[in-house]
Amino acid sequence: NSAAAFDFTANDRVNVSKPSSDDLYIIGGEVTVDQNVNGDVVVFGGDVTIFGDVSGDVLALGGQISVSGNVKDDVRMMGGSLSVKGNVGDDVVALGGKITVERGANVNGSILAGGGYVSVDGNVHEDIKGEMDILRVRGWVDRDMEVATGVLIFSESAIVKGNLRYVSKNTAIIPENVVKGTITKGGPILGFPYTMSSGFFPLFRMIELGWMLLSSILLGLFLFWFLPEEMVAVSHGMREKFWKHLGIGFAIMIGVPIAAVLFAITIIGLPIAMILGFGLGIASFIIQVPVGLFIADFLFKKKTDSKWVLFGRFSVGYLLLSLVGLIPIFGSIFCFLLSLLALGTFAVRRYQMFGFLRAKKYW
């Protein structure tokens, strides 16, 4: 028998000891995948280790993540300590405090990394791009490197067959004949003008992103436990009347701050201004839950009433949304529009509930 395609558990330890013939979704404290998976692996855990081979993608969020098996497609990770020890068929996208591509590992695509300390000891068959506090390269890079980093160090065994462009406050340590192409310090990184702000800026940003992600997932757990029907209703409402709810959300985002400022001008209206500001802040935080479920609905077509399955789907959707939000310009616009859509849908639901209570003379 194969392992279940959906495995949401509250147990501290999850050990996948049987091969899986489908996608694998796991939530646990300590997660170990010992067997091969004929599909994707999506995992959330404190300590995640993947020994088996994966025929699809790996998407992982955790404190410590180690991918020792071979992955046929992409590896996307976010966490404290991340490592790749096997072969990756396509790209590696990693955000974390410490990121390591071990000696002997092969990445057939590119590496996009953001973190505190990044070490590339294995071989990369395309590019290395990203932002980090310290970047150490000991392996081979078949194409270009484009990085913003506080410290950039190459060992004598490293080879960069393409060009190197880097932004740093310090001059990179580059032994002779390591970089075969041109070396450029300064200029645009990832297509945008870039200036280093501080040495530990990337690490602090990763901590901030991790904290926001954790707090939103905990909020999702609370809301799906007590108000699962409401979260599902808002998510479905986002699709049913897209443009109407998007317009309402935009009007609220513009109108409420203006109204709050006007009320704040007078002493009498100051409490109302505070209530409006506080209410908009709370609503903006809550709507991230149906937004995550909205994204997940495009991945999981089968309906479910299980609170744990809904929470798991939301977690996957919200993680994907967080990764999209890291894309410059496009990601921010996409997330902002989805937030406006959810805000408009949430407001319409509240207005309909108020009308129902008033009709029943409960209000």
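The model is predicted. The protein holds seven helices and 17 strands. Of its 363 residues, 46% count as buried.

**Overall figures**
- The protein exposes about 18100 Å². Carbon and sulfur atoms supply 62% of that area.
- Among contacts in the protein with a separation of 6 or more, 25% come from residues 24 or more positions apart.

**Helices α5 and α6**
- Helix α5 covers residues 288-296, and helix α6 covers residues 307-325.
- Their axes come within 7 Å and cross at roughly 90°. Angles of 65 to 115 degrees count as roughly perpendicular, so α5 and α6 are roughly perpendicular to each other.
- On the α5 side, the contact involves Q288, V289, V291, G292, L293, I295 and A296. On the α6 side, these meet L310, R313, F314, G317, Y318, L320 and L321.
- The residues of this contact divide into ten nonpolar, three polar and one charged.

- The whole structure has four aromatic pairs.
- In one of them, the rings of F311 and F314 have centres 6.4 Å apart and planes at 40°, so the pair is tilted. Both residues lie in α6, three residues apart, about one turn of the helix.
- The rings of F314 and Y318 have centres 5.8 Å apart and planes at 35°, so this pair is tilted. These two residues also lie in α6, four residues apart, about one turn of the helix.
- F311 and F314 are both buried. F314 has 0% relative accessibility. Y318, at 8%, also counts as buried.

Conventions. Residues are numbered from 1 along each chain as its sequence is written. This is a predicted model: local features need pLDDT of at least 70, side-chain atom pairs count only at pLDDT 80 or more; totals for chains, interfaces and linings use all residues. Side-chain values use heavy atoms; hydrogens and water are left out. Buried means under 20% relative accessible area, exposed over 50%, partly exposed in between (1.4 Å probe, protein chains only). Contact means heavy atoms within 4.5 Å. Accessible areas come from the Shrake-Rupley method with a 1.4 Å probe; for residues, only the protein chains shown count as cover. Axes are lines fitted to C-alpha atoms, for helices over the stretch in contact, and angles run from 0 to 180 degrees between N-to-C directions. Angles under 35 degrees count as roughly parallel, over 145 as roughly antiparallel, 65 to 115 as roughly perpendicular and the rest as oblique. Ala, Val, Leu, Ile, Met, Phe, Trp, Tyr, Cys and Pro count as nonpolar, Asp, Glu, Lys and Arg as charged, and the others, Gly among them, as polar. Rings of Phe, Tyr and Trp (its six-membered ring) pair if their centres lie within 6.5 Å; planes under 30 degrees apart count as stacked, over 60 as edge-to-face and the rest as tilted.
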